[in-house]
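Take a look at the protein below. We will walk through it step by step, from the overall plan down to single residues.

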Amino acid sequence: MDEQQRWQSSNKEDMLKQAHLSDRMGQVAQRLKGLSWEQKLQWGLERKAASNKLYSAGQWQQAADGYLEALMGLDMSGDATQQSQMNTEIKIPCLLNIAMCMLKQQQWSKAIDLCDKVLEVDPRSCKALLRRAQARMELDLLDEAQDDLRVVLENLNVSDASFSIYAARLSELQKTLRAKLKQEKQVYTKMFGSGRLYEDKQNQANNGVISRIGSWIRTVTDRCCRRKKNKST
């Protein structure tokens with residue numbers, strides 16, 4: 001298959017996906033026609049719950065489709081309180097869950113796009129930042145992943161039950177950086193016959209990104225220890 005044939009095939013596939021999406025939106029609109037705002041909210045919550053079961057069963061694409069249907073049924077025509085409720089109970093969790101489904105299927109760019117949408121609504125969403133960081137790590141966007149995790153740490157409440165999770169994520173990023181630096185050193189050694197050129201770069205990185213992550217991990221550990229000590233006293 002030549003380049004033009006591949007483009008035509010890809011273009012046809014995109015058109016079919018768009019047509020299928022339009023059909024589904026029409027079906028959802030028809031299903032919700034005449035329902036009150038409260039009934040639409042309840043339908044969305046039930047659709048989200050059914051998708052949660054699919055996700056737990058490892059049916060990630062089917063779960064993503066279900067979450068998407070819940071989003072299609074969003075009714076943002078209510079007052080400020082109702083709009084906030086729609087965001088909190090359906091829009092944000094469904095976008096986050098679709099992002100997780102994309103991570104499971106190694107669709108990193110799509111996961112980033114979905115997390116971006118969440119952060120437009122809630123710029124301090126720790127889940128969105130964590131999931132975007134994971135996707136960025138997979139795409140070798142390590143500086144950007146580090147930025148996401150830094151924001152998480154800055155906005156995390158010490159009393160949050162999920163506090164220790166972020167230390168684990170920071171540790172994962174640190175390990176990923178070291179592994180990638182080691183791999184890159186091997187490439188430089190093969191190219192130039194010496195690792196010296198790379199060693200300068202590695203030392204700079206170790207003194208920069210990795211050391212900062214190590215500092216963050218120590219900060220998290222210290223905070224957790226102080227929290228436990230305060231509780232015991």
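Start at Ser51. This residue lies in helix α2, which covers residues 37–56. The model is a predicted one, so keep that in mind as you follow the chain. Is S51 buried or exposed? Its relative accessible area is 0%, and buried means under 20%. S51 is therefore buried. Now look at the side chain of S51. One of its polar atoms lies 2.9 Å from the backbone oxygen of R47. Which residues does S51 touch, once neighbours within four places in sequence are set aside? The answer is A63, G66 and Y67.

Helix α3 runs over residues 60–72, and its axis comes within 8 Å of the axis of α2. The two axes cross at roughly 170 degrees. An angle over 145 degrees counts as roughly antiparallel, so α2 is roughly antiparallel to α3. Which residues make the contact? On the α2 side they are W43, G44, R47, K48, S51, N52, L54 and Y55. On the α3 side they are W60, Q62, A63, G66, Y67, E69 and A70. Sort the residues of this contact by type, and you get seven nonpolar, five polar and three charged. S51 is one of the residues listed for α2.

Step back to see the whole protein. It has nine helices and zero strands. Read from the N terminus, the elements run α-α-α-α-α-α-α-α-α. The protein has 233 residues, and 35% of them count as buried. Next, consider contacts between residues at least 6 apart in sequence. Of these, 59% join residues at least 24 apart.

The largest nonpolar core has 38 residues. Which of them touch the most other members? They are I98 and M102. The elements that give two or more residues to this core are α2, α3, α4, α5 (108–121), α6 (126–138) and α7 (142–155). Helix α4 gives the largest share, eleven residues. M102 also has contacts to find on the model. Leave aside its neighbours within four places in sequence, and M102 is in contact with Q61, A64, Q107, K110, A111 and L114.

Stay with helix α4, which spans residues 80–104. M100 lies in this helix. Not counting residues up to four places away in sequence, M100 touches Y55 and R131. Y55 and M100 are 45 residues apart in sequence. How far apart are they in space? From C-alpha to C-alpha, the distance is 9.4 Å.

N87 is another residue of helix α4. Its relative accessibility is 17%. The cut-off for buried is under 20%, so N87 counts as buried. Beyond its neighbours within four places in sequence, N87 is in contact with M76, I92, P93 and V121.

Next come two loops. Q106 is found in the loop between α4 and α5. Its phi is near 60 degrees, a positive value in a residue other than glycine. The relative accessible area of Q106 is 58%, and exposed means over 50%. Q106 is therefore exposed. D140 sits in the loop between α6 and α7. This residue is not a glycine, yet it has a positive phi of about 65 degrees. With 48% relative accessibility, D140 counts as partly exposed.

Finish in helix α7. D143 lies in this helix. Its relative accessible area is 47%, so D143 is partly exposed. D143 and A133 are ten residues apart along the chain, and 9.6 Å separates their C-alpha atoms. V151 is found in helix α7 as well. Here the relative accessible area is 22%, and V151 is partly exposed. L130 is 21 residues from V151 in sequence. Between their C-alpha atoms, the distance in space is 9.7 Å.

Definitions and conventions:
Residues numbered from 1 in each chain as written. Predicted model: local features only at pLDDT ≥ 70, side-chain atom pairs only at ≥ 80, totals over all residues. Heavy atoms only, no water. Helix = DSSP H or I, 4+ residues; strand = E, 2+ residues; numbered from the N terminus. Buried < 20%, exposed > 50% of the residue type's maximum accessible area, 1.4 Å probe, protein only. Polar contact = N/O pair within 3.5 Å; in protein donor to acceptor, adjacent residues only side chain to side chain. Contact = heavy atoms within 4.5 Å. Axes fitted to C-alpha atoms, helices over the stretch in contact; angles between N-to-C directions. Parallel < 35°, antiparallel > 145°, perpendicular 65-115°, else oblique. Nonpolar A, V, L, I, M, F, W, Y, C, P; charged D, E, K, R; others polar. Core = buried A, V, L, I, M, F, W, Y, C linked by side-chain atoms within 4.5 Å.
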